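Here are my notes on the model, for you to read beside the coordinates. They go point by point.

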Amino acid sequence: MDKNNFISIIIKLGKVDRRVIFLLIAVVVLLPLLFPIGLPIRATDTTQRSFNAVDALGQGDKLLLSFEYGPSTKPEIHPMAEAVLHHAFSKGMKVYIVCLWPDGQFMAIDALNAIAPQYNAVYGEDYVLLGFRPGGEAVVKGITSNLRKLYTVDYQNTLVESIPMMQGVNSLADFKLIFSFSAGYPGTVEWVQYGSDPTGVPMSTGTASIQVNEIIPYENAGQLRGVIAGMPGAAEYEALIGKKGLGTSGMDAQSIAHLVIVLFIIFGNITYFLERRRSEKKY
Amino acid sequence: MYTTEIIGAWFAVFLTLAIFSFLYKDNPFYKAAEHLFVGVSAGYWASTFFWTQIQPNLFGRLWPKLTEEPSGIKAAWYGIYDFFGWFHEGIFPGGGIDKGHELHLFYLIPFLLGIFMLLRLSRKLGWLARWSMAYVVGLAAGLRLYGFLNSNILAQVRGSALSLFDGWGTAINSIIIIVGTLTGLFYFFFSKEHTGVFGKISRVGIWFLMVSFGAAFGFAVMGRISLLIGRFYDLIQFSGSQYYHATYWLLALIVIILGFQAFRERGRSTEEA
Amino acid sequence: MFWKRQVHIAIVFITGILTLFGWFVDSPRFESFVNDDATQWYDIIASFAIILGALNLLKLQFLKIVKQKKDWQYSILAVVGFFFAITAGFFWKGANYIHINNVTANVSTVAPVIAEMEQKTIEQVLPLLEGADTYDVGHIFIIKGSAKKYFDELTASGVNAEMKEKSWGEHLLEEGTVFNWLFKYLFTPMSATMFALLAFFVASASYRAFRIRNFEATLLLLSGIIIMLGRVPLGSSISAWFIAYIIVLSAGMGANIIWKNRMTTFAVVTGGILLVTILGWISGWPVDKPGFLYLPVLQEWIYTVPNIAGARAIMIGIALGMIGTSLRIILGIEKSFMGE
């Protein structure tokens, strides 16, 4: 095969039908799910800082979790929510859960059903799900000023006054740390702007990958204590707490898919340069 | 495994594969799923917002649960409530709505503005929706102004402060961040032409913005692949025997039908040629 | 004319000023109105807007069917989907469950039945029944008839059981109702799959469209590639020396483009490869050193330094624009949101 033929083949491959690319991506994502490789996971600094923020709390400290994601971003955020719950329950923290998205309540129930029984956590004493309230930043403002006015009942319509762990909890200032699991609006940004910044209560967050770049300046400015970024971040948090979950099991597929996309970019550019060189030579 | 779960799994798999079939080409399966999604979404969100906002927070404040027998104007007011209750007892349960609120007739204002919003559908009275829009926009403008000023400007400026005495690495990184932030902001100043020194500064700003966009691209890819992994997890789960191998059957069905359609179209175009 | 053109500008001004002053005025009543009531009104009106959107969609789909426009048959599905969701939301709760009254006296009888209904083991169910005289079975039946088998089994054993229904409102968020079934098996798969489709298009764009046409595009793609590889476990398995070799080869390509001299290119590439090989051999080929070439470290630096700078510039820029636009809206200068 001479050099020109070889270059022609490369250029032709650069114009392959996009359905071939779709099929390749599907195969590349599916195979590692069926045949896991077990690549080692190394925590990044931002995930480590998030872990440290939660780890700084101890027995009996009040942790406020906010669930604002739905089924479409569940693969990214649910693993980190479960990992943080593992962490919180293992250290004996009091976990209070609110939701800014209606779907968030379903996600919270799923996560609690999976994790709480492993630590014999008792509802009303170790954790409470206050539930969803509509209003976005209005809810955050309400929690900041007067939580009991906003939440008269929990998600099961039990009066908040009758829940033991709600004694002495009246506003955001009563919490040691805010942790938001966010996939968009309302979410981390609203908690920073209307919750954490006005009150000074420290905050950390786990977000969908697409939102990470939007909120990373908050982390750098100290308004957030660490960020768990997407499914890789969830896998890192699982590695830090020593409990493998869905985040870790998706990492092989994620790694291989990323590598393939990088190779696509490189190969696509090689064909571009070869084609350009060939057309320059013609003229 | 309950029958409703099995039926639900088959629906979920079919709809997932129907939407994925768009990757082959636009086809009736995809169009059907797309239109069903549009209709179901609209109904889902309308129901959700009604039951989580309008019924408890609006009606719950206009007609809260009665603690004693009403009299006079209050009785007349609750008479209206009982009339509505005749149409749907779920929305207007007997004796008032028990959501822990007190009577606030003040909330007739958002009720009226809400009705005005719905009048947008009428050609003659649609202009009334402007009043409702005005309230929403005005409130959002006032609310956001402070939040963005405090958290997105002042705190960010504070966060950009130089840390020159925490080691060489921190000092250099700190300088890079502030240079990048300032040059990036220079780029966004479009009132002056980007020529000369100003042009060179904004060019440096573009480089930092490009790095940021590249990182955003990387995270976007990461997010999308994660969502794809999530869908594949579900398809793998629903391929199990407890769901009667839904994934395999439905995948085979869609592939066969689309394949047959493609074969027929090719035959037709060969004939025409 | 006044009602149609001036009143809404006045409303924007009053609400905007009130909300803004709510941050600065130290009056509990005023603050309570701004923080609680005003924002509740906003949410209520926004909810009506959602319902307006749904009704408008329905109107458009109906018109498409009536006028038999292109693909009108699919609009029937849209309408059917909408009415199914409304039925599940307002007319068909499907939220039936069994309530057991005398649990303590019948633990051995009720435990296996509850375990079957809730798809748990008896060992998992027994702790839930401890000390409880009444119990609401966790599983919700859409149709009463589906619960009959279990209900009959309980009542035949002398257990005092009742068929109950979750209340309206609760049916939305309770697992197992018709609305929840719609959410779990129709809305969720379609919504998630629509998002997941983008993964394929991103891959296709990476192959067919992303080209290094200039320096800025190179920066963008390099940054994206380093983030993509550095943030996943695979990145920590790629040796820093491999990256060093890639840099040497890229330098060779660059030298070829600039000087167009084969000897120079050969010298750059050979010299670079030799240098990297000698340094690697001396240091023992550690995977993560030199640190500035190790992908996770490189990724972390890009993520936390130049990326932050760009993202911060964008954030401040957007915030300045947001403040300017908010002020213009409040003062009535900006009226485009009204369609004027």
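**Notes on the predicted model**

1. Start where chain B meets chain C. In this predicted model, the axes of helix α7 (residues 196-237) of chain B and α10(C) come within 7 Å and cross at roughly 40°. The crossing of α7(B) and α10(C) is right-handed.

2. Which residues make this helix contact? From α7(B), they include B:Ile206, B:Trp207, B:Met210, B:Phe213, B:Phe217 and B:Met222. From α10(C), they include C:Leu219, C:Leu220, C:Leu221, C:Leu222, C:Ile227 and C:Met228. C:Glu216 also takes part. By class, the contact of α7(B) with α10(C) has 16 nonpolar, four polar and one charged residues.

3. Now take the whole contact between chains B and C. Chain C gives 103 residues and chain B gives 100 residues. On chain C, the elements giving two or more residues are α2 (7-22), α3 (28-66), α4 (72-90), α9 (178-208), α10 (215-230), α14 (295-304) and α15 (306-330). The largest share of this side, 20 residues, comes from α9(C). The side of chain C that touches chain B divides into 77 nonpolar, 18 polar and eight charged residues.

4. Chain A also touches chain B. Here 38 residues come from chain A and 32 residues from chain B. Elements of chain A that give two or more residues are α2 (18-34), α4 (74-90), α7 (188-199), α8 (209-220), α9 (230-241) and α11 (251-282). α8(A) gives the most, with six residues. By class, this side of chain A has 21 nonpolar, twelve polar and five charged residues.

5. Chain A holds an open sheet. Six strands run in the order β3-β2-β1-β4-β5-β6, and the pairing is parallel. The edge strands are β3 (127-132) and β6 (227-229) of chain A. The twist averages 15° from one strand to the next. Six bridges join β1 (residues 62-68) to β2 (residues 94-99) of chain A. A:Lys62 has A:Lys94 of β2(A) as its bridge partner.

6. Look next at the helices on that sheet. α4(A) lies across β1, β2, β4 (177-182), β5 (203-207) and β6 of chain A, at about 155° to β4(A). α7(A) packs on the sheet too, touching β1, β4 and β5 of chain A. The direction of α7(A) makes about 155° with that of β4(A).

7. Last, confidence. Chain B averages a pLDDT of 91, and 100% of its residues score at least 70. Among the elements of chain B, helix α5 (residues 129-159) has the lowest mean pLDDT (89), and helix α1 (residues 3-20) the highest (95).

Technical notes
Residues are numbered from 1 along each chain as its sequence is written. Chains are lettered from A and ligands numbered from 1 in the order in which they are written. This is a predicted model: local features need pLDDT of at least 70, side-chain atom pairs count only at pLDDT 80 or more; totals for chains, interfaces and linings use all residues. Two residues are in contact if their C-beta atoms, placed from the backbone, lie within 7 Å. Helices (H or I, at least four residues) and strands (E, at least two) are DSSP runs, numbered from the N terminus. Ala, Val, Leu, Ile, Met, Phe, Trp, Tyr, Cys and Pro count as nonpolar, Asp, Glu, Lys and Arg as charged, and the others, Gly among them, as polar. pLDDT is the predictor's confidence in each residue, from 0 to 100. Axes are lines fitted to C-alpha atoms, for helices over the stretch in contact, and angles run from 0 to 180 degrees between N-to-C directions. A crossing is left-handed if the near helix is turned anticlockwise from the far one by less than a right angle, and right-handed if clockwise. Two strands pair if DSSP finds at least two bridges between them.
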